[in-house]
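Colleague: I have the model open on my screen and would like to go through it with you. Could you walk me through it slowly?

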Amino acid sequence: QVQLVESGGGLVQAGGSLRLSCAASGSIVSENVMGWYRQAPGKLRELVAYITSGGNTNYVDSVKGRFTISRDNAKNTVYLQVNSLKPEDTAVYYCNYRGAPMWRPSVYWGQGTQVTVSS
């Protein structure tokens, strides 16, 4: 079992910034992928960004240049720096963990943290 605890969400004005954190604990394997998803009201959950244990990153087009994902492997923590926020970024942001083997990963989710961007 892996436990994920998110923090850092909140209410911010358009153009503002937040830093989301997700701390993982439990049976963490060295080869893993951690990422952030978000779900806005009435919409499907979508991938925002992910980072591999080797540091490779990927972002959805709508956040490129504004969001930065990073991780501290020593602390088993992944971060999402969100800048230049827009009202359409309003959503519950969920941390995701996928542990090796990647052909059949173990998948865990955090409880979510609300990000609300006012115009």
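Colleague: Let's begin with Cys-22 and Cys-95: are they buried or exposed?

Modeller: Cys-22 is buried, and Cys-95 is buried too, where buried means under 20% relative accessible area, exposed means over 50%, and partly exposed is in between, using a 1.4 Å probe and protein chains only. Please keep in mind that this is a predicted model, in which local features need pLDDT of at least 70 and side-chain atom pairs count only at pLDDT 80 or more, while totals for chains, interfaces and linings use all residues. Residues are numbered from 1 along each chain as its sequence is written, and side-chain values use heavy atoms, leaving out hydrogens and water.

Colleague: And what do Cys-22 and Cys-95 form?

Modeller: They form a disulfide, with sulfur atoms 2.0 Å apart, the rule being a pair of cysteine sulfur atoms within 2.5 Å. The pair links distant parts of the chain, 73 residues apart, since Cys-22 sits in strand β3 (residues 18–26) and Cys-95 in strand β9 (residues 91–99); strands here are DSSP runs of E with at least two residues, numbered from the N terminus.

Colleague: New topic: which side chain of opposite charge is nearest to Glu-6?

Modeller: That is Arg-45, which is 7.7 Å away, and Glu-6 is buried yet has no salt bridge, meaning a side-chain nitrogen of Lys or Arg within 4 Å of a carboxyl oxygen of Asp or Glu. Here Lys and Arg count as positive and Asp and Glu as negative, while His and the chain ends are not counted.

Colleague: Which backbone nitrogen lies 2.6 Å from a polar atom of the Glu-6 side chain?

Modeller: The backbone nitrogen of Cys-95 does, and the backbone nitrogen of Gly-112 also lies 2.6 Å from a polar atom of that side chain.

Colleague: How many salt bridges does the structure hold?

Modeller: It holds four, and among them Asp-89 pairs with Arg-38, the closest N and O atoms being 2.9 Å apart. Asp-89 lies in the loop between β8 and β9 and Arg-38 in strand β4, so this pair ties together parts that are 51 residues apart in sequence.

Key. Polar contact = N/O pair within 3.5 Å; in protein donor to acceptor, adjacent residues only side chain to side chain. Helix = DSSP H or I, 4+ residues; strand = E, 2+ residues; numbered from the N terminus.
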